[in-house]
Structure formats: structure tokens, C-alpha cells
Amino acid sequence: MCDDEKLEYIRAVKCIHELPPQGTSYFGAVVTRFEDFASAHINASTAPAGNPATIFVGPGIHLTGNFLPWHRVILWEFETALINECNYKGAQPYWDWSLDTVENNGAFYDHSPVFDPVTGFGGNSYTGSMPDNTVGPAPPNSTFPEFAGNCIKDGPFKDYNHSVGPNFNLQTPTPRCIIRNFNSTLANGNLQWKEHVLPVLEEVGHYNFSKKMSFPEPGPPRGLHVGGHASVGGEMREPWSTVVDPLFYLHHSNLDRIWAIWRKCHLKPLYRDVLLTFYPTEDLKPQNFWAMDGPRQPDGLGALTTGPTSLGDILDLPPFISPSTSIRSVMDTKNQDGHGILCYVYEKGAYA
Ligand SMILES: [Cu+2]
């Protein structure tokens, strides 16, 4: 993107921060239109069982078959709102964080152009990074701790307050700044193209692909999804209220782009027909390839919902965002089969 395009996107994101919310009758904590979208993510992520904050309890959107489709639809609706409500003239940008890792001629994550104070989203916390072992205690009813970080030091969102969150709070306005806590070690250890993205693209079967991208294995933050969140740190590391940092949309657009690249590579028409006819292994069964098998267990909390996820499954969205829609409707970004709601493609990046 050239600087004019970056500034136009930032203008639109600031604009949507300044519009009034539409979701207050559902979620008492939202105070801006931007937070309407944040509340949709918090809500769909589901709170622990019994938490009254969750009104539209869905099957959860992390560690699940609907992980990539749900995040795709919220990106689409966010972009649509920027265009319709803030007269945005561009497209939703993605952040190829691999360009900010050592792989790219020794690039240093903290100096990413994405963090530029004028043409980007501002940088680290005003106190710099602090060790992750300073994270605070887990909030009530949650197994996730409050993560370390301080208010961002500069950039267009430095003085913005958010009222939804932390974590799954949707009803009590809790004004606070965006906190960050950069971790370049995590970026270099999770976000390089050749070492980390390519092996994910080589996975066969949607379930394996999605799992490897999102939560490859237990232990410290790792993988493209969690690694990308945790490298920014602070609020971005919160499973629920991560969306109050606008970087959420850039990070998830890149994951969505990698999904689109994966589909392009693995869904060549002939190859697809062969798969659908023979599917010799579990991974290649049509339901795995198309429809994302696997358990749905919201954020590792609550009751286990068993798969398989199907193309007909509904992606929950609150009515002040858009009508809920099916996974089928977001599988093809170009809607070539006519079942869809999307119309976009990703511009070619440095590697793919
Ligand atoms: Cu999410």
C-alpha cells in the first residue's frame, strides 16, 4: 500500500470509532460503532458457561471448524461498514508479518511499517516490552490471565479508549487504552514465511490446515494465529477482547489470505474431483476437505460440542452487524458458485 492508501484506511477506522454504537440494547458496554464489531467477536467466542454476558451463544469460534469462516465474515462485515458508513475508498488491508521477521534481510519486528506513528497503527507500549511472566491473575471464571502491557505510546489510536472487555465483559463499560507488549522473539519463532507459513500451506485436509494455523499444539504461544496475536501482545493476546486493537483486522486478514492461498493450491478442479471420488484417507474425506471436521469446544471452555462442522453451520453474528450466515456462504471469496455473500480477492504479496 502506498501512504495515501494507508492514511485512507486509518481515517476510516478512526471514523468508525467515532460513530455511535448500534448494539447497546444487547451489550451495555459498547460505546462506539467500532465496538459493535468487537462485541460480536467477544460474544461469538463464548464466555465460560453461565456468564450472562453472552447472549448469542454459538458453538465458539476458536479451536473449531468454523474458526476461519467466522473470522472471514467479521472481516467482510467490518470492511463493508468502513465503506458504507465511513465512505472508505479502499480495501481491507492484510499485514504480512513474515516481512517483519529476521527472514526478511534481518528485519526487526518492532520496526515494522505497520507500527509507524503516522502511516501505521502506532508502536509498542510507552514503557517498552516487559517479560510475559508479569501477566496478572486470571479474571473470574476464566482460565486466561490478564496479559502484560501498557498503553500504546504513539500513533492514531494512542488516546482511544475502549469499553468492552477486558476478556468477555460486554455489559459493564470499562474504559481503558489499548495496551501492547511487543515480543520479537515470538514473531521470529512463529511468523516466518519459509519456516512457518509454508509448512501450514502444505497441510492436506482443511482440519489439519486450520488446526496447524490456529492452535498447533499446547504449550507456549505458537503457530501463525496465536503467534501473531502474542507478538503484538497486550490486548491482542486476549482471546476475547483482542478486537479492540485495530491490528486484529490486519492480522486476521493475513490469516484469511493464507487460507485463500491454501484453497487455491489444494482445490484445483481435477484434484478436487479425485478427492471427492476416492478420499483414500481420513483427511481427504469430503467433510474434512470441504467442511472442517473436528470438535468444537469454545476456547477450551464450556461443554464439548462434537463435530463434524458442516458447510450448513451458521456463523453467529448479532443483528446490528449483519444477519447470521452459513459457512458455505463464505467459502469462496469470489462467490463463483452463487451460494456466497463475498466478493474480493487478495493482491499478490511478496511471497504468494
Ligand atoms: Cu478470534
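Helix 3 is largely enclosed by the rest of the structure, because 14 of its 20 residues are buried, where buried means that 20 or more other C-beta atoms, placed from the backbone, lie within 10 Å of a residue's own. This is a predicted model, in which local features need pLDDT of at least 70 and side-chain atom pairs count only at pLDDT 80 or more, while totals for chains, interfaces and linings use all residues. Residues are numbered from 1 along each chain as its sequence is written.

Helices (H or I, at least four residues) and strands (E, at least two) are DSSP runs numbered from the N terminus, and the chain holds ten helices and four strands, arranged along the sequence as α-α-α-β-β-α-α-α-α-α-α-α-β-β. Of its 352 residues, 48% count as buried.

Helix 3 covers residues 67-86 and reaches 28 Å from its first C-alpha to its last, close to the expected 28 Å, a span defined as 1.5 Å times one less than the number of residues. Just after helix 3, Asn 87 adopts a positive phi of about 55 degrees.

His 41 lies in helix 2 and counts as buried because it has 24 C-beta neighbours inside 10 Å. Two residues are in contact if their C-beta atoms lie within 7 Å; leaving aside neighbours within four places in sequence, His 41 is in contact with Ile 74 and Val 243.

| Helix | Residues |
|---|---|
| Helix 2 | residues 33-44 |
| Helix 3 | residues 67-86 |

Notes. Buried ≥ 20, exposed ≤ 12 C-beta atoms within 10 Å, placed from the backbone.
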